[in-house]
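Student: I would like to go through a model feature by feature. Please give the general idea each time, then the case at hand.

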Amino acid sequence: MSDFINPSSLIVAAVFLLAGFVKGVIGLGLPTVAIGLLGLVMTPVQAVSLLVVPSLVTNVWQLLAGPRFLPLLRRLGAMLAGLCVGIGISAAALDPDTSGRNSMLLGIALIGYALFGLSKKKFSVPKGMEWWLSPVVGGVTGVIATSTGVFVIPAVPYLQALDLDKEELVQAMGLSFTVSTVGLAAVLIVQGSFHLSVAGASLASLAPALLGMFVGQGVRARVRADTFRLFFFIGLLMLGAHLAWRFGD
């Protein structure tokens with residue numbers, strides 16, 4: 001896999017700079033933007049491999065910054081278990097021979113997430129349904145994440161439907177994304193796709209991601225988050241449509 005690293009190092013750095021910037025402005029989007037844009041120049045397996053360190057560091061940071069780690073861990077335990085099961089069951093989807101299909105699925109996942117974001121629909125999950133819905137949502141998210149590298153659908157809409165306050169929601173997303181990243185990294189290691197050179201490239205991607213987050217946090221106070229979010233989802237929709245069309249033939 002090392003053949004894709006050197007020629008595209010500037011592209012990779014620019015992608016993570018932009019992805020970090022988006023996360024800094026609206027609080028999410030680093031993995032989604034990075035996977036979507038890297039999917040234009042490499043396979044989802046390669047993109048996920050580069051994402052491991054930046055995603056893990058930024059999401060652990062987001063997770064530990066919140067005030068209610070243990071209560072959220074207990075409440076979301078079934079979802080996180082389902083997430084791990086879904087990743088394990090669908091690990092075969094990361095076979096390099098299916099890279100074209102996975103790129104098409106990545107496009108479809110981005111389209112679905114963008115349409116959900118643009119719809120601004122709000123749902124609410126009654127507490128009595130969480131015991132069975134949480135593992136289902138986790139399992140589906142794991143399957144989609146393993147095939148595409150995108151671990152926001154349906155996890156993020158589900159977490160938003162749990163009526164968590166702002167700080168709890170941010171921490172819950174950090175918890176879900178951290179488990180997703182660790183699960184995907186484990187699959188890559190088992191399959192031999194995450195070796196030393198790739199780990200080094202992933203570590204190198206952390207610097208532009210953190211720089212982008214720092215700049216994005218500074219811009220957040222000067223730009224309306226809702227306006228930026230609108231353009232973010234429109235961009236994801238266009239990117240997803242391109243990937244789905246390009247690899248759907």
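Predicted model: local features only at pLDDT ≥ 70, side-chain atom pairs only at ≥ 80, totals over all residues.

Tutor: Residues are numbered from 1 along each chain as its sequence is written, and side-chain values use heavy atoms, with hydrogens and water left out.

Student: At what angle do the axes of helix 3 and helix 10 cross?

Tutor: Two packed helices are described by the angle between their axes and the distance between the axes. Here the axes of helix 3 (residues 44-64) and helix 10 (residues 196-204) cross at roughly 50° and come within 7 Å. That makes helix 3 oblique to helix 10. Oblique is what remains after roughly parallel (under 35 degrees), roughly antiparallel (over 145) and roughly perpendicular (65 to 115).

Student: Which residues of helix 3 and helix 10 meet?

Tutor: Ser 49, Leu 50, Leu 51, Val 52, Val 53 and Pro 54 in helix 3 meet Val 198, Ala 199, Ala 201, Ser 202 and Leu 203 in helix 10; contact means heavy atoms within 4.5 Å. The residues of this contact divide into nine nonpolar, two polar and no charged.

Student: Which residues touch the most other members of the largest nonpolar core?

Tutor: In soluble globular proteins, nonpolar side chains tend to be buried together. The largest nonpolar core has 67 residues, of which Phe 16, Leu 38, Leu 159 and Phe 232 touch the most other members. Core members are buried Ala, Val, Leu, Ile, Met, Phe, Trp, Tyr and Cys residues joined through side-chain atoms within 4.5 Å. Helix 9 (residues 166-190) gives the most to this core, with ten residues.

Student: Is Ala 34 buried or exposed?

Tutor: Ala 34 counts as buried because its relative accessibility is 0%; buried means under 20% relative accessible area, exposed over 50%, and partly exposed in between, with a 1.4 Å probe and protein chains only. Ala 34 lies in helix 2 (residues 30-38). Not counting residues up to four places away in sequence, Ala 34 touches Val 15, Phe 16, Ala 19 and Leu 51.

Student: Which residues does a cis peptide bond join, and which residue has a positive phi although it is not a glycine?

Tutor: Most residues other than glycine have a negative phi, and most peptide bonds are trans. In this model a cis peptide bond joins Ile 153 and Pro 154, with omega about -5°. Asp 163 has a positive phi of about 55°, and Asp 163 counts as exposed at 57% relative accessibility.

Conventions. Axes fitted to C-alpha atoms, helices over the stretch in contact; angles between N-to-C directions. Helix = DSSP H or I, 4+ residues; strand = E, 2+ residues; numbered from the N terminus. Nonpolar A, V, L, I, M, F, W, Y, C, P; charged D, E, K, R; others polar.
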